[in-house]
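Subject: Structure handover and findings

Dear colleague,

Please find below the structure that I am handing over to you. My findings follow directly after it, grouped by element.

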Amino acid sequence: MSMHNPVAPGYGQQGFMTSYLEALSLVERLHRLLLDVIKDEFERVGVLEINAVQALLLFNIGDHEVTAGELKSRGYYQGSNVSYNLKKLVEMGYMHHQRCEIDRRSVRVRLTQQGRDIRDVVRELFARHAVGLESKGVLGPEGIEEITHALKRVERYWTDQIRYIY
């Protein structure tokens, strides 16, 4: 296997590579579309001061109390601007923050009631989507399970690439 041809010979290199690139593009598009759907929902309910990334962050934190580092390490949030969004959410009253007793450099955050209200809007949106996907025959329990397992395998593979290759 050469550096110019990273796929094992005889494996349908071009076909697999094309499908892999299509899957990567789809994951990217779906993430952007998810943010657009969340933005649209917040415009519909008249909440304009919070963006979709911040709303998703509040949803993912839920009832937990976490640090910015934990948000990344637990997979709640992958963005490079976690600190910026946390600061804005605290300033707007969606989150409480408090310095850790043990490590004064670290700040723990949790949702305020206002933040929980936003989390609930996102939760209700996702619940409607789940019902709609299943009732319209777009995706059922077996299909969502299959997609989830496949994406988890890709996640493990990519994580291993970061940990063990470099």
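Lys87 has a relative accessible area of 53%, and because exposed is the term for values over 50%, this residue counts as exposed. Please note that the model is a predicted one. Lys87 belongs to helix H4, which covers residues 82-91. Between the C-alpha atoms of Lys87 and His97 the separation is 9.0 Å, with the two residues 10 residues apart along the chain.

Overall organisation

The chain contains six helices and three strands. Their order along the sequence is α-α-β-α-α-β-β-α-α. Of the 166 residues in the chain, 23% are buried. Among contacts with a separation of 6 or more, 49% are between residues 24 or more positions apart.

Helix H1

Helix H1 runs over residues 13-44 and has 32 residues. From its first C-alpha to its last, H1 reaches 46 Å, close to the 46 Å expected at 1.5 Å a residue. Its buried residues are Leu35, Ile38, Glu41 and Phe42. Helix H2 (52-61) and helix H5 (113-135) are included in what covers these buried residues. H1 is followed by Gly46, which has a positive phi near 80°.

The contact of H1 with H2

The axes of H1 and H2 come within 8 Å and cross at roughly 95°. On the H1 side, the contact is made by Leu34, Leu35, Ile38, Lys39 and Phe42. On the H2 side, Ala52, Val53, Ala55 and Leu56 take part. Sorted by class, the contact of H1 with H2 comprises eight nonpolar residues, no polar residues and one charged residue. Leu35, Ile38 and Phe42 of H1 take part in this contact, and these residues are also listed among the buried residues of H1.

The contact of H2 with H4

How do H2 and H4 lie relative to each other, and at what angle do their axes cross? The axes come within 10 Å, with a crossing angle of roughly 85°. H2 and H4 are therefore roughly perpendicular to each other. From H2, the residues Val53, Gln54, Leu57, Leu58 and Ile61 meet Asn85, Leu86, Lys88 and Leu89 of H4. By class, six nonpolar, two polar and one charged residues make up the contact of H2 with H4. Val53 has a part in the contact of H1 with H2 and also meets H4.

Gln54 deserves a separate entry. Leaving aside residues up to four places away in sequence, Gln54 touches Glu49, Asn85, Lys88, Leu89 and Met92. Among these partners, Asn85, Lys88 and Leu89 are residues of H4 that meet H2.

Helix H5

Helix H5 has 23 residues, which should span 33 Å at 1.5 Å a residue. The end C-alpha atoms of H5 are 32 Å apart, which agrees with that expectation. The buried residues of H5 are Gly115, Ile118, Arg119, Val121, Val122 and Leu125. These buried residues pack against H1, H2 and strand E3 (107-111). Just after H5, Gly137 takes a positive phi of about 75°.

The aromatic pair

A pair of aromatic rings is described by the distance of the centres and the angle of the planes. How many aromatic pairs does the structure hold? There is one aromatic pair in the structure. It is formed by Phe59 and Phe126, whose rings are 5.0 Å apart centre to centre with 85° between the planes. The arrangement is edge-to-face, because the angle of 85° falls in the class over 60 degrees. The pair links distant parts of the chain, with Phe59 in helix H2 and Phe126 in helix H5, 67 residues apart. Phe59 is partly exposed, at a relative accessible area of 24%. Phe126 is partly exposed as well, at 22%.

With kind regards

How values were computed: Residues numbered from 1 in each chain as written. Predicted model: local features only at pLDDT ≥ 70, side-chain atom pairs only at ≥ 80, totals over all residues. Heavy atoms only, no water. Helix = DSSP H or I, 4+ residues; strand = E, 2+ residues; numbered from the N terminus. Expected span 1.5 Å × (residues − 1). Buried < 20%, exposed > 50% of the residue type's maximum accessible area, 1.4 Å probe, protein only. Contact = heavy atoms within 4.5 Å. Phe/Tyr/Trp six-rings, centres within 6.5 Å; stacked < 30°, edge-to-face > 60°. Axes fitted to C-alpha atoms, helices over the stretch in contact; angles between N-to-C directions. Nonpolar A, V, L, I, M, F, W, Y, C, P; charged D, E, K, R; others polar. Parallel < 35°, antiparallel > 145°, perpendicular 65-115°, else oblique.
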